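Trainee: Before we start, please take me through the terms as they apply here.

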Amino acid sequence: MTLVNFTLRQWGVIAALSAAFIVAAIVVSNDSLPPEAVEVEAFDEIVWCETANAISTWRSILDGSVDGDTLDDIVNLQTTLDEARAIAPAELRTDVARLFDFALLTIQAVERADGDLAIALLDAQSNTDQVRVQQAITAVSSSVESCGHPPLTTPTA
């Protein structure tokens, strides 16, 4: 094992670089934007309600009935949910994202099931936390209904 003897000048460079790194780390860690500098996009109820109408168009996928739906319908639902994540009310964004993930899993399952949507829906349901998906459907459905559109699920008696 060979030991390297640094000169006094080399030790000075090492110390200076170390100090500069520490100062830079402190500056970066304290460099946060003040709350007033963070721009929050205002919620636009009209845009949300237009999107809610589109979501309700494909409610048969979300309620599990798949009444005449095709892979294209699921892709359209997924695209709509993707757009809806950014414009939904803040309290619904996680629920919309959960429905987007469910639609994505359904699309993948349709491809594995050779186009059989009913089997694909069961496959996607088995790969998700259905309690949370159902809670998301209920929350989004409530908002869709408050816009005057049909609910995402059919109430049972």
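Mentor: The side chains of His149 and Asn53 are joined by a polar contact of 3.4 Å. The model is predicted: local features need pLDDT of at least 70, side-chain atom pairs count only at pLDDT 80 or more, and totals for chains, interfaces and linings use all residues. Residues are numbered from 1 along each chain as its sequence is written, and side-chain values use heavy atoms, with hydrogens and water left out.

Trainee: What makes the pair His149 and Asn53 a polar contact?

Mentor: The term requires a pair of N or O atoms within 3.5 Å; within protein, one must be able to donate a hydrogen and the other to accept it, and residues adjacent in sequence count only if both atoms are side-chain atoms. The value for His149 and Asn53 is 3.4 Å, so the pair qualifies.

Trainee: Why is His149 called buried?

Mentor: Buried means under 20% relative accessible area (exposed is over 50%, partly exposed in between; 1.4 Å probe, protein chains only). His149 has 18% relative accessibility, so His149 counts as buried.

Trainee: Which residues does His149 contact, leaving aside neighbours within four places in sequence?

Mentor: Cys49, Ala52, Asn53, Ser56 and Val144, where contact means heavy atoms within 4.5 Å.

Trainee: Why is Ala103 called buried?

Mentor: Its relative accessible area is 1%, so Ala103 is buried. Ala103 lies in helix 5, a helix being a DSSP run (H or I, at least four residues) numbered from the N terminus. Not counting residues up to four places away in sequence, Ala103 touches Ile74, Leu77, Gln78 and Leu81.

Terms used:
Helices (H or I, at least four residues) and strands (E, at least two) are DSSP runs, numbered from the N terminus.
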